[in-house]
Amino acid sequence: SYPRSETVSPEQTITLNQGQVYFVKSSANNKNLSGTSIYSEDYPIAVFQADEATMSPYLGGYTQNYQMEQAVPLSSWGMEFIVPRAKYQDYGVIRLTTIYAGTNVKIVDGNGTTTDTTFTNAFATLEYPRITGLQDLLDAKNKIGDLYIKASAPIGISSYLINKALNTSEYEDGIGAPSVAWMLPLRQGVKNMTFATASAST
């Protein structure tokens, strides 16, 4: 069986047997479950987050994609990141999530401009740049890319490519369909990598 819940109260305890899945859905469109904390007291679990037809940002658009990522456990979050600019993209959005209240985050863009933010609450999220309308999006052109991010406590970062907007051609160049990628902290990177190629057959 597959237990299903359309909404989740502030705190719930769920018991699953081997192979079972628990499904949670936000209560309305343009809502998400960012900041939700999930703990397993007994055995390892996997958590996947998805949207069946997302718009990023939610401004109305004609390019919508299914997005899914496996949630990374808190033990693998980090304090120092580099977010590279996506190839051929002029626009993007990152979402930061904190574990602890009072976490300070510094974001340095490619021009050396620093944005300094302190999270008031635990398990809070921040979008950078914050986009609530078309003008915000136009102002954000070329703002995401080659960002250096340093936090005073572990954070998680997702990077989003955004969709074309509906009934406008003002910012179509360099814009594709929405997608998402989890950003790994620098300490989980590798310093050396070896590439191997197969010998050509004759």
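**Salt bridges and an aromatic pair in a predicted model**

Mentor: This is a predicted model. The count of salt bridges comes to 2.

Trainee: Why is the contact of Glu127 and Arg95 called a salt bridge?

Mentor: The N to O distance between the side chains of Glu127 and Arg95 is 2.4 Å. The cut-off is 4 Å between a side-chain nitrogen of Lys or Arg and a carboxyl oxygen of Asp or Glu, so the pair qualifies.

Trainee: Which parts of the chain does that pair link?

Mentor: Distant ones: Glu127 lies in strand S9 (residues 125–128) and Arg95 in strand S6 (residues 93–98), 32 residues apart.

Trainee: How do you know whether Arg95 is buried or exposed?

Mentor: Arg95 has a relative accessible area of 16%. Buried means under 20%, so Arg95 is buried.

Trainee: What makes Asp116 and Lys106 a salt bridge?

Mentor: Their closest N and O atoms are 3.2 Å apart. That is within 4 Å, so Asp116 and Lys106 form a salt bridge.

Trainee: Where do Asp116 and Lys106 sit in the chain?

Mentor: Asp116 is in strand S8 (residues 114–118) and Lys106 in strand S7 (residues 104–108), 10 residues apart.

Trainee: Why is Asp116 called partly exposed?

Mentor: The relative accessible area of Asp116 is 46%. Partly exposed covers the range between under 20% (buried) and over 50% (exposed), so Asp116 belongs there. Lys106, with 37%, is partly exposed as well.

Trainee: How many aromatic pairs are there?

Mentor: The count comes to 1 aromatic pair. Trp77 and Trp182 form it, with 6.0 Å centre to centre and 50° between the planes.

Trainee: Why is the pair of Trp77 and Trp182 called tilted?

Mentor: The centres, at 6.0 Å, lie within the 6.5 Å limit, so the rings pair.

Trainee: Which residues make the nonpolar surface patch?

Mentor: Phe48, Tyr66 and Met68 make a patch of about 360 Å². Phe48 is found in strand S3 (residues 48–54).

Trainee: What does the secondary structure of the chain come to?

Mentor: It comes to 1 helix and 11 strands. Of the 202 residues in the chain, 29% are buried.

Conventions. Residues are numbered from 1 along each chain as its sequence is written. This is a predicted model: local features need pLDDT of at least 70, side-chain atom pairs count only at pLDDT 80 or more; totals for chains, interfaces and linings use all residues. Side-chain values use heavy atoms; hydrogens and water are left out. Helices (H or I, at least four residues) and strands (E, at least two) are DSSP runs, numbered from the N terminus. Buried means under 20% relative accessible area, exposed over 50%, partly exposed in between (1.4 Å probe, protein chains only). Patches are made of residues with over 30% relative accessible area and no salt bridge: like charges are joined within 9 Å, nonpolar side chains (Val, Leu, Ile, Met, Phe, Trp, Tyr) within 5 Å. Accessible areas come from the Shrake-Rupley method with a 1.4 Å probe; for residues, only the protein chains shown count as cover. Rings of Phe, Tyr and Trp (its six-membered ring) pair if their centres lie within 6.5 Å; planes under 30 degrees apart count as stacked, over 60 as edge-to-face and the rest as tilted.
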